[in-house]
Amino acid sequence: MKKLILIPIYFLAVVTASAQLNVVGNASISVQPERTIITYSINETKDSYDEAISLMTKRIDALTASLTKIGFKKEDIKTANFNIRQNRKYRQGEPKGEEYVASQTLEVRFDHSTKRLLEVLNKTASDESAPSVSITFGMSDEQEEMVKKQLMKMAVADAKAKAEILAEATGYTLMGINEINYGGSTHTPRPQSASMGMMKSFAESDVSNFEAKDLTITDQVFISYKIED
């Protein structure tokens, strides 16, 4: 009887790992803001739920009326937050009943100009509504898209320049790109905010020199280059 003999054959694959150079490209741009966002906060604290809601609503209505008088449409006045909560009152460490805190936040956005900003602030400085205010400066949608593209190009150029210097200094030659990683950093601009306290202070003081600072936006890209000696 014939026997079938199996002779294993082994193939040896030799893989030469190519060297690589990993660099981080950074980019930074400073731009003037094109958008202003004003956030108004109104709070009322009363012993009665209905009274807290009623007084807060009265102040909100007064603020809304002031905003519409200076050109804002009702649909442009957004409610960013609405809340009512129950708190326990204390006196000398002892509980003394309950109180209700009603709060509502309104937000308006418009193309940035110092003149328009001061107009809005002074026209809404009503003792009746007496809101607290926060001002945020940001980029328009078109500006944000343009800056994002510019930052990406600058970050890639920075990475390539670094790679070329490092390769030359170590006697290597750039042969191409292995990998690009983008999106590890925060690309949304960090707006500048200013808390201005009670709005009536604007009507009582000179804020004619109120100017927004430039926004600084940063970005990063990670690139791995193929290199050979």
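1. Aromatic pairs. In this predicted model, a search of the whole structure finds two aromatic pairs. Rings of Phe, Tyr and Trp (its six-membered ring) are paired if their centres lie within 6.5 Å; planes under 30 degrees apart count as stacked, over 60 as edge-to-face and the rest as tilted. One of the pairs joins Tyr49 and Tyr100 in an edge-to-face arrangement, with 5.7 Å centre to centre and 85° between the planes. Tyr49 belongs to helix H1 (residues 49-69) and Tyr100 to strand E4 (residues 94-111), so the pair ties together parts that are 51 residues apart in sequence. Tyr49 is partly exposed, its relative accessible area being 42%. Here buried means under 20% relative accessible area, exposed over 50%, and partly exposed in between (1.4 Å probe, protein chains only).

2. Basis of the values. Residues are numbered from 1 along each chain as its sequence is written, and side-chain values use heavy atoms, with hydrogens and water left out. Because the model is predicted, local features need pLDDT of at least 70 and side-chain atom pairs count only at pLDDT 80 or more, whereas totals for chains, interfaces and linings use all residues.

3. Overall architecture. The protein has four helices and eight strands. Helices (H or I, at least four residues) and strands (E, at least two) are DSSP runs, numbered from the N terminus. Along the sequence, the pattern is β-β-α-β-β-α-β-α-β-β-α-β. Of the 229 residues in the protein, 33% are buried.

4. Salt bridge between Glu44 and Arg59. The whole structure holds six salt bridges, each defined as a side-chain nitrogen of Lys or Arg within 4 Å of a carboxyl oxygen of Asp or Glu. In one of them, Glu44 is bridged to Arg59, the closest N and O atoms being 3.1 Å apart. Glu44 lies in strand E2 (residues 35-46) and Arg59 in helix H1, so this pair ties together parts that are 15 residues apart in sequence. Glu44 is buried at 14% relative accessible area, and Arg59 is buried at 13%.

5. Most residues other than glycine have a negative phi. Ala130 has a positive phi of about 40° although it is not a glycine. Ala130 is placed in the loop between helix H2 (114-123) and strand E5 (132-138), and it is buried, with a relative accessible area of 17%. The C-alpha atoms of Arg59 and Ala130 are separated by 7.5 Å, while the two residues are 71 residues apart along the chain.

6. Further salt bridges. Glu107 and Arg109 meet through their side chains in a salt bridge of 3.0 Å, N to O. Glu107 is buried, with a relative accessible area of 18%, whereas Arg109 counts as partly exposed at 47%. Asp158 forms another salt bridge, with Lys162, the closest N and O atoms being 3.0 Å apart. Asp158 and Lys162 are separated by about one helical turn because they are four residues apart in helix H3. Asp158 is partly exposed at 24% relative accessibility, and Lys162 is partly exposed at 30%.

7. Nonpolar surface patch. Tyr182 also belongs to a nonpolar patch on the surface with Met152, Ile177 and Ile180, with about 340 Å² of accessible area together. Patches are made of residues with over 30% relative accessible area and no salt bridge; like charges are joined within 9 Å, and nonpolar side chains (Val, Leu, Ile, Met, Phe, Trp, Tyr) within 5 Å. Accessible areas come from the Shrake-Rupley method with a 1.4 Å probe; for residues, only the protein chains shown count as cover. Strand E6 (residues 173-182) gives the most to the patch, with three residues. Met152 lies in helix H3 (residues 141-170) and is partly exposed at 34%.
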